[in-house]
Amino acid sequence: LPDTGNLTLGKTGLVQVQQFVKTDAASGSVTQDTNWTGHGVAVNITPTSASNKIIISGYLTVNFDRNDGIFGILYKNGSALTSAIGDASGNMTRATTGVEVDYNFIPSVLPIYFMDTAGATSQQTYTVALNITTTDTSTVYVNRNYLTNDNAWNARTISVLTAMEVAA
C-alpha cells in the first residue's frame, strides 16, 4: 500500500480503500446527551457509484475519568447513521457499539464494523460519536488513559478508521 494508506483498485470488487490514523491524544467533556465527535477520528471517501457499498472498520481507543461505559455511534456526514444503531427502546441510548472502561489502566478498544450503501458520489465522511453511560459530565479521552503519570504502565495508543468501497 502507498504510505498514505489509501489504495485505488479496479472497477469490480474492491474499488478503493481510504484510511485515517490518529496518533495524538484528544479529550472532551461528555454527558449522556452529548455525542462527541470533536476527537478528530474520521475517514473521508468519495464513492465512484452511489449504489456501491462502503465498509467501515476500525476502532477508537477510549478512556474516561471513571469506571463506566462508553458508547460509540457511527456517524455519516455529521448525523447518526440510523441503519448502524440499535432500535429505539424507551430511554435507552441507540448506539453502534460500546465498551466498559476501567479508568486506572490502558484505554479500552471501541470496535467499529459496518457496511453502508454509498448513496452518492460526493465525499462521504464517517466518524464515531462518543457518549457515556453516566448522567454526570465526564472527560473522555481518545488515545490515552485517564492517568498522565510518566510510567511504563500508562499508554499512548492510536485509533483507526478505514473506509472500503466495494462495487455493487
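**Figure 1. Overall fold of the chain.** The chain has 0 helices and 12 strands, where helices (H or I, at least four residues) and strands (E, at least two) are DSSP runs numbered from the N terminus. This is a predicted model, in which local features need pLDDT of at least 70, side-chain atom pairs count only at pLDDT 80 or more, and totals for chains, interfaces and linings use all residues. Residues are numbered from 1 along each chain as its sequence is written, and side-chain values use heavy atoms, with hydrogens and water left out. From the N terminus on, the elements run β-β-β-β-β-β-β-β-β-β-β-β. The C-alpha trace spans about 50 × 40 × 20 Å along its principal axes. Buried residues make up 42% of the 168 residues (buried means under 20% relative accessible area, exposed over 50%, partly exposed in between; 1.4 Å probe, protein chains only). Of the contacts (heavy atoms within 4.5 Å) between residues at least 6 apart in sequence, 79% join residues at least 24 apart.

**Figure 2. Strands E5 and E9.** Strand E5 (residues 53-64) pairs with E9 in the antiparallel sense over 10 bridges; two strands pair if DSSP finds at least two bridges between them. Asp-116 in E9 is the bridge partner of Ile-54. Side chains alternate along strand E9 (residues 108-117).

**Figure 3. The nonpolar cores.** A nonpolar core is a set of buried Ala, Val, Leu, Ile, Met, Phe, Trp, Tyr and Cys residues joined through side-chain atoms within 4.5 Å. The largest one holds 29 residues, of which Ile-56, Val-62, Ile-70, Leu-74, Val-128, Leu-130 and Val-140 touch the most other members. E5 gives the most to this core, with 5 residues. Apart from this core lies another, of 5 residues, among them Tyr-75, Ile-85, Ala-95 and Ala-129. Leaving aside neighbours within four places in sequence, Ile-56 is in contact with Leu-74, Ile-112, Tyr-113, Phe-114, Tyr-126, Leu-161, Thr-162 and Ala-163.

**Figure 4. Strand E4 and its partner E10.** Strand E4 (residues 42-45) has Val-43 and Ile-45 on a covered face, and Ala-42 and Asn-44 on an uncovered one. E4 pairs with strand E10 (residues 124-132) in the antiparallel sense over 4 bridges, and Tyr-126 in E10 is the bridge partner of Val-43. Ala-42 counts as partly exposed, at 23% relative accessibility. The C-alpha atoms of Ala-42 and Tyr-126 are separated by 5.5 Å, with the two residues 84 apart along the chain. Not counting residues up to four places away in sequence, Ala-42 touches Phe-20, Thr-125, Tyr-126, Thr-127 and Leu-161.

**Figure 5. Ser-159 and Asn-143.** Ser-159 is found in strand E12 (residues 159-166) and is buried, with a relative accessible area of 0%. The side chain of Ser-159 makes a polar contact with that of Asn-143 at 2.7 Å (a pair of N or O atoms within 3.5 Å; within protein, one must be able to donate a hydrogen and the other to accept it, and residues adjacent in sequence count only if both atoms are side-chain atoms). Beyond the neighbours within four places in sequence, residues in contact with Ser-159 include Phe-20, Val-41, Tyr-59, Thr-61 and Val-142. Asn-143 lies in the loop between strand E11 (138-142) and E12 and counts as buried at 1% relative accessibility. Phi of Asn-143 is near 70°, a positive value in a residue other than glycine.

**Figure 6. The loop residue Asn-77.** Asn-77 lies in the loop between strand E6 (68-76) and strand E7 (79-80). Its phi is near 55°, a positive value in a residue other than glycine. Asn-77 is partly exposed, with a relative accessible area of 43%.
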